[in-house]
Amino acid sequence: MSTSVLYMSMSLDGYIAGPNDEPGNPGGDRFMRLHDWLVTRAGGSGRPSGPAGELIDEMNATGAVLVGRRTAEQAGHYGGDHHGVPIFVLSHQPPGPAVANYPSVTYVIDGIVSAMAQAKAAAGERNVMVHGAYTAKLALEAGVLDELQIHHIPVLFGGGRRLFDVLPSRVELEISRVVDTPEATHIRYRVHG
């Protein structure tokens, strides 16, 4: 059965985007600092070696992506291709006409529970990759987020967009795995229902 997993890089003080996160500056100022762990030791693009590369392999093994509209739009809907799997976009309104160019992108406007059910059905036995703070918050509130894979980056942003700024109630987590690398500490949590 499919498991839903939030994959997010986050500063030690809880930020997933820097200050001035807006359409003209996706991710805000110095956003890419949160993703330095994704580059090779030589500083190029591609699969890093060691544990970081294994984590990327794990993400690329997911069978569907569930993302909020804001994140999807800032990422240009991933050009219609996020590692070759269906992309489900949680939204309150139907997509704009440009999304018709991306057949693997499906907008879901009837809520997080429906969006997660569709993503899990599409993923089959593979996991669902969840992106976005608002989507994660809604999924936690609805009880449809199973795990969190947080890539803790050794930096303090001091401002920007927090991952869990406001939750309606306390959420208990269990640490299921810790992978420590020089660039980040990668902690996997299970959500307790």
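Biologist: Does R177 count as buried, exposed or partly exposed?

Modeller: The classes rest on relative accessible area with a 1.4 Å probe and protein chains only: buried is under 20%, exposed is over 50%, and partly exposed lies in between. R177 counts as partly exposed because its relative accessibility is 28%. This is a predicted model, in which local features need pLDDT of at least 70 and side-chain atom pairs count only at pLDDT 80 or more, while totals for chains, interfaces and linings use all residues. Residues are numbered from 1 along each chain as its sequence is written, and side-chain values use heavy atoms, with hydrogens and water left out.

Biologist: With which residue does R177 form a salt bridge?

Modeller: Side chains of opposite charge can pair when their charged atoms come close. The term is used for a side-chain nitrogen of Lys or Arg within 4 Å of a carboxyl oxygen of Asp or Glu. Here R177 pairs with E58, and their closest N and O atoms are 2.9 Å apart. Because R177 belongs to strand β9 and E58 to helix α1 (residues 50–60), this pair ties together parts that are 119 residues apart in sequence. Helices (H or I, at least four residues) and strands (E, at least two) are DSSP runs, numbered from the N terminus.

Biologist: Which side chain also meets E58 in a salt bridge, at 2.5 Å from N to O?

Modeller: That side chain is R188. The pair links distant parts of the chain, with R188 in strand β10 and E58 in helix α1, 130 residues apart. R188 is buried, as its relative accessible area is 7%, whereas E58 is partly exposed at 24% relative accessibility. A network of salt bridges links E58, E147, R177 and R188.

Biologist: How many salt bridges does the structure hold?

Modeller: The structure holds 11. One of them joins the side chains of D36 and R33, at 3.7 Å from N to O. D36 is partly exposed, with a relative accessible area of 37%, and R33 is partly exposed at 21%.

Biologist: What does I150 touch, not counting residues up to four places away in sequence?

Modeller: Contact means heavy atoms within 4.5 Å. By that criterion I150 touches L6, M8, M10, L163, T185, H186, I187 and Y189.

Biologist: Where is the place of G68?

Modeller: G68 sits in strand β3 and is buried, with a relative accessible area of 9%. Apart from neighbours within four places in sequence, G68 is in contact with V89, L90, H131 and T135.

Biologist: In which helix does R70 lie?

Modeller: R70 lies in helix α2 (residues 69–74). R70 is partly exposed, with a relative accessible area of 36%. Leaving aside neighbours within four places in sequence, R70 is in contact with D21, E22 and R161.

Biologist: Finally, how many helices and strands are there in the protein chain?

Modeller: The protein chain has four helices and 10 strands. Their order along the sequence is β-β-α-β-α-β-β-α-β-α-β-β-β-β. Buried residues make up 44% of the 193 residues. Among contacts with a separation of 6 or more, 64% are between residues 24 or more positions apart.
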